[in-house]
Amino acid sequence: MPNKVRLSITWLCFFFNAICSKVLDSVKLDELENEAAIISCQLEMYFPLAFFDIMVHLIVHLVREIKCRGPVYLRWMYLVERYMKIL
């Protein structure tokens, strides 16, 4: 894999790691919102346009949703789904 593509995907992983943390800084959220747009543009340069559907576009809106609703870990469904498996 070319180094530029690997760097973009790694940056995307760091973005998801930052928004899924339990402690969020409001100043950092503004920076993450800008980074999401940059990451999306970088991915558009390296991957074909057929790769991009609405789900890839949603990373731009994740930070705004965190500002409105709070941290992501409070809205995860993993615990509910795991409990439904027991039932």
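Contact means heavy atoms within 4.5 Å. This is a predicted model, where local features need pLDDT of at least 70, side-chain atom pairs count only at pLDDT 80 or more, and totals for chains, interfaces and linings use all residues. Residues are numbered from 1 along each chain as its sequence is written, and side-chain values use heavy atoms, with hydrogens and water left out.

Q: Which residues is S8 in contact with, leaving aside its neighbours within four places in sequence?
A: S8 is found in helix α1. Helices here are DSSP runs of H or I, at least four residues, numbered from the N terminus. Beyond four places in sequence, the contacts of S8 are I39, Q42, L43 and Y46.

Q: What is the relative accessible area of S8?
A: Buried means under 20% relative accessible area, exposed over 50%, and partly exposed in between, with a 1.4 Å probe and protein chains only. S8 falls in the buried class, because its relative accessible area is 2%.

Q: How many Å apart in space are V5 and Q42, C-alpha to C-alpha?
A: V5 is also a residue of helix α1. V5 counts as buried because its relative accessibility is 12%. In sequence, V5 and Q42 lie 37 residues apart. From C-alpha to C-alpha, the distance is 8.4 Å.

Q: Which residues of α1 are exposed on the other side from the buried ones?
A: The buried residues of α1 are V5, S8, L12, F15 and I19. They sit on the same side of α1, because they cover an arc of only 80 degrees around the axis. That arc is taken over the directions from the helix axis to the C-beta atoms. Exposed on the other side are N3, L7, F14 and N17.

Q: What covers the buried residues of α1?
A: V5, one of those buried residues, is in contact with Y46 and F47 when neighbours within four places in sequence are left aside. The cover over the buried residues includes α2 (26-46) and α4.

Q: At what angle do α1 and α4 pack?
A: Axes are lines fitted to C-alpha atoms, for helices over the stretch in contact, and angles run from 0 to 180 degrees between N-to-C directions. The axes of α1 (residues 3-19) and α4 (residues 62-69) are 11 Å apart. The angle between these helices is about 5 degrees.

Q: Which residues of α4 meet α1?
A: On the α1 side, the residues are F15, F16 and I19. The contact of α1 with α4 has six nonpolar residues, no polar and no charged.

Key: Helix = DSSP H or I, 4+ residues; strand = E, 2+ residues; numbered from the N terminus. Nonpolar A, V, L, I, M, F, W, Y, C, P; charged D, E, K, R; others polar.
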